[in-house]
Amino acid sequence: MSEVVVRGSAPVRAGTIYALGRNYAEHAREMGAPAEPVVFLMPASALAFAPAPGAAVEIAWPEGSAEVHHEVELVLLLGAGGTGLTRAEGEAAIAAVGLGIDLTARDLQAHAKAKGQPWARSKGFPGAAPVSEFVPRDALRLPWGGIDLSLAVGGALRQSDRAASMLLDPPAIVAQLSRWFALEPGDLVFTGTPAGVGPIGPGEEAVARSAALGLELRVRMATR
Ligand code: ZN
């Protein structure tokens with residue numbers, strides 16, 4: 001069972017993990033894909049958490065992959081669910097916001113894409129979805145678009161953007177998902193990654209940060 005840590009309140013048992021692909025136009029372009037968001041699911045067992053505050057999350061290599069990419073993302077924790085939510089209801093359903101890294105076995109994903117197969121193996125392996133602690137939405141004083149996110153590997157900045165660059169912003173994402181799925185409290189939503197994705201090699205460490213959220217998430221790939 002995976003429990004998400006929320007600053008200043010009780011931990012929350014994670015439900016379904018929804019994830020958006022291609023929600024930043026520049027990233028869609030770098031992948032040679034249309035700038036039109038797509039949705040996929042990850043098992044709750046893909047979640048991983050820092051063993052202690054400030055410590056790196058250790059990630060084992062996924063079976064059959066030699067190429068794991070980092071995708072830094074804002075992650076929403078839902079405090080309410082439902083179907084057919086309006087934008088305002090979607091916004092109200094967001095209880096907290098955190099940072100996540102959607103680790104992707106890019107070689108397995110490329111193979112799946114070429115064969116028209118699902119992305120489950122490339123996106124759902126154990127540790128594929130490390131997340132930080134979450135900050136209650138009420139504690140944020142910024143509009144969604146003002147929330148920054150960045151990621152560096154070995155100290156070199158690879159990804160840096162703001163939520164203003166999202167094609168669908170968080171309230172719109174939740175409203176859209178609620179037309180396709182029955183959302184529940186505890187569900188998590190990975191909101192897509194900005195441009196600059198790339199490999200994180202054996203023994204390398206990635207650090208995701210958001211100044212607006214006051215969060216940092218460190219991840220280290222195992223040696224092989
Ligand atoms: Zn992603």
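## Basis of the description

Residues are numbered from 1 along each chain as its sequence is written. Because the model is predicted, local features need pLDDT of at least 70 and side-chain atom pairs count only at pLDDT 80 or more, whereas totals for chains, interfaces and linings use all residues.

## The five-stranded sheet

Five strands form an open sheet in the order β6-β17-β16-β12-β13, with mixed pairing. Strands are DSSP runs (E, at least two residues), numbered from the N terminus, and two of them pair if DSSP finds at least two bridges between them. At the edges stand β6 (57-59) and β13 (156-162), each pairing on one side only. From one strand to the next, the twist averages 20°, with axes being lines fitted to C-alpha atoms and angles running from 0 to 180 degrees between N-to-C directions.

Three bridges link β6 to β17 (residues 215-221) in the parallel sense. Opposite isoleucine 59 is methionine 221 in β17.

## The three-stranded sheet

A further open sheet has three strands, ordered β10-β7-β15, and its pairing is antiparallel. Its edge strands, β10 (104-105) and β15 (198-199), each pair on one side only. Strand β7 (residues 68-70) runs antiparallel to β10, and two bridges join them. Valine 68 has alanine 105 in β10 as its bridge partner.

Leucine 77 touches Val4, Val6, Val12, Ala95, Ala96, Gly98, Phe134 and Leu188, not counting residues up to four places away in sequence; contact requires C-beta atoms, placed from the backbone, within 7 Å.

Key
Helix = DSSP H or I, 4+ residues; strand = E, 2+ residues; numbered from the N terminus. Contact = placed C-beta atoms within 7 Å.
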